[in-house]
Amino acid sequence: MPEGRSDVSQYPHITHLADPQGMYQMVQAYLQWMAMKNYSDKTISGREFFLFWFLERCGQRGLIRPSEITKPILERYQRFLFHYRKADGRPLGFRTQQLRLVTLRSFFKYLVRANRLPSNPSAD
């Protein structure tokens, strides 16, 4: 795995780190799969950052397993990204919003392919 990985302690709401069905473990499996498929370290690190950001938001709402994520939850997350303001008051750029959503789509697609989730909540 690439050096300089994100420190999960920066995200206080990412909990249940040892739960084999929890999102943290699923993200770790996804990142490992990406490394085995020869994705660049930069791509893996970027996706890890975006996924940890999503996991932190889920943790704030008590969502700890991928099976708890539904299409309406992802739609609310998309609205959150649209309305989010950085420290300087500016919104996230549309490209940044798109990259965060594409990362989620790829993550959930992986979970379905790996038989860890029966259906993809981000399919539409």
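Me: Starting with helix 3, which of its residues are buried?
Reply: I73, L74, Y77 and L81 are the buried ones in helix 3. Looking down the axis of helix 3, its buried residues fall within an arc of 95 degrees, so they line one face of the helix. The arc is taken from the directions that run from the helix axis to the C-beta atoms. Buried means under 20% relative accessible area, exposed means over 50%, and partly exposed is in between, using a 1.4 Å probe and protein chains only.

Me: What kind of model is this?
Reply: This is a predicted model: local features need pLDDT of at least 70, side-chain atom pairs count only at pLDDT 80 or more, and totals for chains, interfaces and linings use all residues. Residues are numbered from 1 along each chain as its sequence is written, and side-chain values use heavy atoms, with hydrogens and water left out.

Me: Back to that face. Why do residues a few places apart point the same way?
Reply: An α-helix has 3.6 residues a turn, so residues three or four places apart point the same way.

Me: What do the buried residues of helix 3 pack against?
Reply: They pack against helix 2 (41-60) and helix 4 (94-113). Contact means heavy atoms within 4.5 Å.

Me: What span should helix 3 have?
Reply: Helix 3 covers residues 71-83, which is 13 residues. At 1.5 Å a residue, helix 3 should span 18 Å. Its end C-alpha atoms are 19 Å apart, which agrees. The expected span is 1.5 Å times one less than the number of residues.

Me: Let's zoom out. How many helices and strands does the protein chain have?
Reply: Four helices and zero strands. The order from the N terminus is α-α-α-α. Helices are DSSP runs of H or I with at least four residues, strands are E runs of at least two, and both are numbered from the N terminus.

Me: And what is the radius of gyration?
Reply: The protein chain has 14 Å. A compact globule of 124 residues would be near 14 Å, which agrees. The radius is taken over C-alpha atoms, and the globule rule is 2.2 Å times the number of residues to the power 0.38. Along the principal axes, the C-alpha atoms fill a box of roughly 40 × 30 × 30 Å.

Me: How many of the 124 residues count as buried, in percent?
Reply: 40% of them. As for contacts between residues at least 6 apart in sequence, 63% join residues at least 24 apart.

Me: Now helix 1. Is it mostly covered or mostly open?
Reply: Mostly covered: ten of the 14 residues of helix 1 are buried. Among them are M23, Y24, W33 and M34. The buried residues of helix 1 pack against helix 2 and helix 4. Helix 1 runs over residues 23-36, should span 20 Å, and has its end C-alpha atoms 20 Å apart, which agrees.

Me: What follows helix 1?
Reply: N38 follows, with a positive phi near 70 degrees. N38 is not a glycine. N38 sits in the loop between helix 1 and helix 2. N38 is exposed, at 68% relative accessible area.

Me: What about the phi of N115?
Reply: The phi of N115 is positive, about 60 degrees, although N115 is not a glycine. N115 is in the segment after helix 4. N115 is exposed, with a relative accessible area of 70%.

Me: Where is F50, and what does F50 touch?
Reply: F50 is in helix 2. Its relative accessible area is 16%, so F50 is buried. Leaving out residues up to four places away in sequence, F50 touches Y77, L99, R100 and T103. F50 and F107 are 57 residues apart in sequence, and their C-alpha atoms are 11 Å apart.

Me: Is Q97 buried or exposed?
Reply: Buried, with a relative accessible area of 8%. Q97 is in helix 4. A polar atom of the Q97 side chain lies 3.0 Å from the backbone oxygen of L92. Setting aside neighbours within four places in sequence, Q97 is in contact with L81, F82 and L92.

Me: Last one: where does I64 lie?
Reply: I64 is in the loop between helix 2 and helix 3. I64 counts as partly exposed at 21% relative accessibility. Not counting residues up to four places away in sequence, I64 touches T15, H16, D19, G22 and M23.

Definitions and conventions: A polar contact is a pair of N or O atoms within 3.5 Å; within protein, one must be able to donate a hydrogen and the other to accept it, and residues adjacent in sequence count only if both atoms are side-chain atoms.
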